[in-house]
Amino acid sequence: MSLIIQNLSKHYGSVPVFRNVSLHVQTGEFVAIVGESGVGKSTLLNCMAGLDSWDSGSVLLDGLDLSTQSDDQLARLRREKTGFVFQAFHVLPHLSVSQNVALPLMLLGQLDEARVQTMLTEVGLEGLGERLPQQLSGGQLQRVAIARALVHRPMLLLADEPTGNLDPRTAERVMDALVSQTRAHGAAMVLVTHSVAAAARADRRLLLTADGLLDHADPA
Ligand SMILES: Nc1ncnc2c1ncn2[C@@H]1O[C@H](COP(=O)(O)OP(=O)(O)OP(=O)(O)O)[C@@H](O)[C@H]1O
């Protein structure tokens, strides 16, 4: 897996969000992106997944330039190569926990119930597969989102503030699940976070500013 971002710039209308963003993420690497609220961290993560567009620069996933891909090709790339943990979970309310986790496998035509159960166990949700999302706590919901993002063994996990709104102890458990699962799969992870504790666990920390990504060695 390789993710290469070169000189990416993004505006919303006439309002610049960021410019000169360059980043190279390698197989198995865990990179944390921190930065002030509104500087464009979620937007950048969405660009990495081909969920948002940019004005100039390039995003290459395994050598494929995302800007040259059709919407169908992008959807396929996302399905096959990436997992996404959204800030707002995006767990589907009318599906059970197991069905939510199974979704990526179903979209790939590779439903594997044993694999779904394994993922639920690995994130500490064994026995809760039949529940509906409304019957779970915030921390449990976040773990459903993690299990779903990893069930199809993507080589790149993109996680947007996965410990936001969680108490410190639950946040640590969620990070434990994320780190152990991505390490176990040899997957790379790009984590966007305001949490110093979460960022401290990364191999590399970067600070997003309006003028690009800077090394951010000291999380404090
Ligand atoms: N669809 C949109 N149209 C116009 N402006 C937008 C849109 N989405 C985001 N923005 C603006 O772009 C900027 C970057 O937003 P983004 O959510 O990426 O920031 P962030 O760094 O992730 O913030 P936070 O840490 O608060 O989650 C913000 O100023 C936001 O208001």
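Good morning, colleagues. I begin with the ligand: the residues around it are Tyr12, Val17, Gly35, Ser37, Gly38, Val39, Gly40, Lys41, Ser42 and Thr43. Please bear in mind that this is a predicted model. Which element gives the most to the shell? That is helix 1, residues 41–48, which supplies three residues.

Helix 1 also leads us to the sheet. The helix lies across strand 3 (30–34), strand 7 (156–160), strand 8 (188–192) and strand 9. Relative to strand 8, helix 1 runs at about 155 degrees.

The sheet itself is open and is formed by six strands, in the order 6-7-8-3-9-10, with mixed pairing. At its edges are strand 6 (82–85) and strand 10 (212–215), each of which pairs on one side only. On average, and with direction ignored, neighbouring strands are turned by 20 degrees against each other.

Strand 9, residues 204–209, and strand 10 run antiparallel and are joined by four bridges. Within this pairing, leucine 208 has leucine 213 of strand 10 as its bridge partner.

The largest nonpolar core contains 64 residues, and Ile146 and Ala147 touch the most other members. Helix 5, residues 138–150, provides the largest share of this core, namely six residues. With which residues is alanine 147 in contact, leaving aside its neighbours within four places in sequence? Beyond those neighbours, alanine 147 is in contact with Val101, Met119, Leu120, Val123 and Leu125.

Thank you for your attention.

Key
Residues numbered from 1 in each chain as written. Predicted model: local features only at pLDDT ≥ 70, side-chain atom pairs only at ≥ 80, totals over all residues. Near = placed C-beta within 6 Å. Helix = DSSP H or I, 4+ residues; strand = E, 2+ residues; numbered from the N terminus. Core = buried A, V, L, I, M, F, W, Y, C linked by C-beta atoms within 7 Å. Buried ≥ 20, exposed ≤ 12 C-beta atoms within 10 Å, placed from the backbone. Contact = placed C-beta atoms within 7 Å. Pairing = 2+ DSSP bridges. Axes fitted to C-alpha atoms, helices over the stretch in contact; angles between N-to-C directions.
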